[in-house]
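Colleague: I am new to this one and would like to learn how to read it. Could you walk me through it, feature by feature?

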Amino acid sequence: MPSLPPFPVTTVGSWPRTPELIRATKRKAPELEAMRDEACLASLRVQEAAGVDIVTDGEQRRDNFFSFLSERVEGFDCMSMADLLDHVEDKAGFEALLQTLDVPAYSIRNNVAVGKLRAIKPLVFDDFLFLRKHTDKPIKVTLPGPYLLTRSAWVQSLSSATYPTREELGDDVVKLLRAELIQLAEAGCEVVQFDEPALTELSFAGKSNTHTFMCAALAANADPEGELNYAVELMNRLVEGVTGTLKSMHVCRGNWSRDEGVLLSGSYDELIPYFARMNLDMFVLEYATERAGDPALLKGLPSSAHVGFGVVNPRTDEIEDPVAIARRVRALCEDLGHERVQLNPDCGFGTFAERPMNTAEVARKKLEALAQASRLLRSGEI
Ligand SMILES: [Zn+2]
């Protein structure tokens, strides 16, 4: 296991992109790769200066946290929600859902499996090597989780010629992610985080037909318990026997709108028993938002598991008070033990390139508040 300072500060992954980078990404400008390198380094420098202990590249090479795979994996077609509307079974329902959830149909893209999946370049390994060259700090690399990827990429009318069932696609998704995880672990990447935001929806939506835009393809009659068991199975197949890196999962309730009313709500209560069955070392969860419930329930996780405790909200302008953050962390440590707790925002600051949840300036101040809280805890002042 990598050695980390006490109360390490980290991020969930993404950082707001500059308008120039977004424009260059859209028109696939010839200088795009150089701009991406520079943007990753700019994000790294902000994190280092703010006092972040485990750094990321700010996902500056990505349009969103999972769509970027279509540039690196043959068989994925990256479609906008507007494109996808033509193919989902319940068009009217999907359109109404996008409106209700405040998702502009043009601005968010999704990978759809339209052929046999095959990596044509490393998914993230090169990105890790690039960052390693530029920092001595522990590195976190993020990847979409196996359940999210399987569920969001299988659209019957487009996928079934190659993958007659979603489970067959899931087998290839696991292979793809596992090969990458092994490579990262062998190269000494300190933390590999799988993002599984769709899990909360299963627990809150129950057997109703409501679901988030990311999972347009889910059959309306799907059984949440069966889906959660499938998510556990996929994750355990993916991580089985891999050591040398902190195998981590981030689960939140959506990060595409500042209107808390349209994001999912509900605590992690029902999910914790499923988390506990995943052979993971760490769970990165949001607790700055009141929608998350009582952190005391984290006692239900295995006693060896670390918790990435979300203590600043990426969707507000207000900068959280370091003293209040540190007190909350200290209270959680009473239940979990201090060696198991990391400090992070609830989610990324720019999950979707065109829908950043904050400016880089506010994001930087929030990271500084986390680092200040960590110093108060390390010194024993709180
Ligand atoms: Zn998130």
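This is a predicted model: local features need pLDDT of at least 70, side-chain atom pairs count only at pLDDT 80 or more; totals for chains, interfaces and linings use all residues.

Colleague: Let me begin with the whole chain. How many helices and strands are there in the protein chain?

Modeller: The protein chain holds 13 helices and eight strands. Along the principal axes, its C-alpha atoms fill a box of roughly 60 × 45 × 40 Å.

Colleague: What does the radius of gyration say about the protein chain?

Modeller: A compact globule with 382 residues would have a radius of gyration near 21 Å, and the 19 Å of the protein chain agrees with that. Of the 382 residues, 60% are buried. If you take contacts between residues at least 6 apart in sequence, 82% join residues at least 24 apart.

Colleague: Now the sheet. In what order do the strands come, and is the pairing parallel or antiparallel?

Modeller: The general idea is that strands of a sheet pair through backbone hydrogen bonds, either parallel or antiparallel. Here six strands form an open sheet in the order E3-E4-E5-E6-E7-E8, with parallel pairing. Strand E3 (140-144) and E8 are the edge strands, each pairing on one side only. From one strand to the next, the twist averages 25°.

Colleague: Which residues stand opposite each other?

Modeller: Let us follow some of the pairs. E3 and E4 run parallel and are joined by five bridges, with lysine 140 opposite valine 191 in E4. Five bridges also join E4 to E5, where methionine 249 in E5 is the bridge partner of phenylalanine 194. Further along, strand E6 (residues 282-286) is joined to strand E7 (residues 306-312) by five bridges, and glutamate 286 stands opposite glycine 310 in E7. Helix H12 (residues 322-336) lies across E7 and E8, running at about 155° to E7.

Colleague: How many residues of strand E4 are buried?

Modeller: In a regular strand the side chains alternate between the two faces of the sheet. In strand E4 (residues 191-195), five of the five residues are buried, so E4 is largely enclosed by the rest of the structure. Both of its faces are covered: one side has Val191, Gln193 and Asp195, and the other has Val192 and Phe194.

Colleague: And a helix? Which residues of helix H1 are buried?

Modeller: An α-helix has 3.6 residues a turn, so residues three or four places apart point the same way. In helix H1 (residues 19-26), the buried residues are Leu21, Ile22 and Ala24. They are on the same side of H1 because they cover an arc of only 165° around the axis. Arg23 and Lys26, on the other side of H1, are exposed. Helix H2 (32-50) is included in what covers the buried residues of H1. After H1 comes lysine 28, whose phi is positive, near 45°.

Colleague: Let us look at single residues. Why does glutamine 47 count as buried?

Modeller: The cut-off for buried is under 20% relative accessible area. Glutamine 47, found in helix H2, counts as buried because its relative accessibility is 1%. Leaving aside residues up to four places away in sequence, glutamine 47 touches Thr11, Val52, Ile54, Val55, Thr56, Gly58 and Leu367. Glutamine 47 and alanine 363 are 316 residues apart in sequence, while their C-alpha atoms are 9.8 Å apart in space.

Colleague: Where is asparagine 344, and what does asparagine 344 touch?

Modeller: Asparagine 344 sits in strand E8 and counts as buried, at 0% relative accessibility. Leaving aside residues up to four places away in sequence, the residues that asparagine 344 touches include Thr10, Val284, Phe309 and Leu370.

Colleague: Last, the metal. Which residues coordinate the zinc ion?

Modeller: The zinc ion is coordinated by His250 (NE2), Cys252 (SG) and Cys347 (SG), at 2.1 to 2.2 Å. The spacing of these donor residues in sequence is H-x1-C-x94-C. Distant parts of the chain are linked here: histidine 250 is in strand E5 (residues 246-251), and cysteine 347, 97 residues apart from it, is in the loop between strand E8 (341-345) and helix H13 (360-378).

Colleague: Are histidine 250 and cysteine 347 buried or exposed?

Modeller: Histidine 250 and cysteine 347 are both buried.

Key. Residues are numbered from 1 along each chain as its sequence is written. Side-chain values use heavy atoms; hydrogens and water are left out. Donors are N, O and S atoms within 2.8 Å of the metal (3.2 Å for Na, K and Ca); water is not among the atoms, so sites may look incomplete. Helices (H or I, at least four residues) and strands (E, at least two) are DSSP runs, numbered from the N terminus. Buried means under 20% relative accessible area, exposed over 50%, partly exposed in between (1.4 Å probe, protein chains only). Two strands pair if DSSP finds at least two bridges between them. Axes are lines fitted to C-alpha atoms, for helices over the stretch in contact, and angles run from 0 to 180 degrees between N-to-C directions. Contact means heavy atoms within 4.5 Å. The arc is that of the directions from the helix axis to the C-beta atoms. The radius of gyration is taken over C-alpha atoms; the globule rule is 2.2 Å times the number of residues to the power 0.38.
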